[in-house]
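This briefing is for a reader who is new to the structure.

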Amino acid sequence: MPMYNASCWLDECLQAILHQDFTGTMELSVFDDASTDDSRNVVERWRERLEATGISVVVSGHNSAQPRGVGYAKNKAISQSCGQYLCFQDADDVMLPQRVRLQYEASTLHPNSLIGCKVQRVPEGSTERYTRWINTITQDQLFTQVYTSHGPTVVMPTWLCSRNWYLKVGPFDEGGKGVPEDLLFFYQSLRQGGGVARVDQCLLVYRYHEKATTHSVTEETIWKLRVDFLQERVLSQWESFTIWNAGKQGRKLYRSLSPTNQKKVKAFCDVDDNKIKKGFYTYEESKQRPKPKIPVLHYKDASTPFIICVKLDMTGGVLEENLNSLQLKEGKDYYHFN
């Protein structure tokens, strides 16, 4: 558990660790990343109760002027611990009593995998689309939807994996503020051939609040990582493809691609008659002469495979219906990018 100014959440968080129904040995390893509140004291107050139930407690930290970031704190917490399995817990979240047991069982079945779970978002209604996505994507989509703006298909605060897998994939990037260390680790895990699995039960109360570290990462940073991963894993395998969305997001994706992959874009497709009537998109910023012109087609006239740049779950089911009408298979005929 990395910790930074978390004292207002810690009682609830530690209480929940105390109430785990896992019967194996457990250790709580906390690294305090220069908190300026009384987080350290709160953990020390819980030490006796935790140790009385057989949970050993290791706490360290630093008190420099500035925190060194979540990646650094996670790496430190791991290196000072000694368990064979690592269960990641954010200090502002609350685990349900079965969390460690059920995820540990899943991890023994999927050794080189990141194991997640379903979550309950608090306060209710915050990040509604994101929460629904976390809890409802299918086992196949845990692999096919890794390019969307939502980030890792099993969310970091729910991760459990073996120490061996962490050592093979890690450590976490220690760039600090503004670095999506979870996404970088997640992509690295997939590159190494790692699995992704989710226990289909809600095992974590996942808190949303303004102070959360997540808010320091810009959309642009994430965008670039996603585009690069998409090019590496998918587009490198395709000879040509269609971008589904002739609007802003589709054009932005096109402009973000390498010249090699731009040449593979056969067309944009859309449902908007105005865009289709224009007939093509001209890449004005191009150094090429003549400037590339890419046809804009109705989606029914376009050819697979597609990269879909329409936001999921935002069209009242219309996008999903259109895709279903073409009888396409996700992960083969199309990938979602938004």
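This is a predicted model: local features need pLDDT of at least 70, side-chain atom pairs count only at pLDDT 80 or more; totals for chains, interfaces and linings use all residues.

How many salt bridges does the rule find across the interface of domain 1 and domain 2? The count is 0.

**Domains and their placement**
- The domain assignment of the protein places residues 2-217 in domain 1 and residues 234-336 in domain 2.
- Between the C-alpha centres of domain 1 and domain 2 the distance is 36 Å.
- Domain 1 contributes 8 residues to the contact, and domain 2 contributes 9 residues.

**Buried area**
- Together, domain 1 and domain 2 bury about 770 Å² between them.
- Carbon and sulfur atoms carry 50% of that buried area.
- Arg129, Thr144 and Tyr147 are the residues of domain 1 that lose the most area to domain 2.
- These three residues together make up 62% of what the domain 1 side buries.

**Polar links across the interface**
- Although the rule finds 0 salt bridges here, it does find 3 residue pairs in polar contact between domain 1 and domain 2, with both residues at pLDDT 80 or more.

**The domain 1 side**
- Two elements give two or more residues to the side of domain 1 that touches domain 2: helix H5 (128-136) and helix H6 (141-144).
- H5 supplies the largest share of that side, with 3 residues.
- Sorted by class, the side of domain 1 that touches domain 2 holds 4 polar, 2 nonpolar and 2 charged residues.

Methods:
Residues are numbered from 1 along each chain as its sequence is written. Side-chain values use heavy atoms; hydrogens and water are left out. Domain bounds come from an automatic or database domain assignment. Contact means heavy atoms within 4.5 Å. Buried area is the accessible area (1.4 Å probe) that two parts lose on being put together, summed over both. A salt bridge is a side-chain nitrogen of Lys or Arg within 4 Å of a carboxyl oxygen of Asp or Glu. A polar contact is a pair of N or O atoms within 3.5 Å; within protein, one must be able to donate a hydrogen and the other to accept it, and residues adjacent in sequence count only if both atoms are side-chain atoms. Helices (H or I, at least four residues) and strands (E, at least two) are DSSP runs, numbered from the N terminus. Ala, Val, Leu, Ile, Met, Phe, Trp, Tyr, Cys and Pro count as nonpolar, Asp, Glu, Lys and Arg as charged, and the others, Gly among them, as polar.
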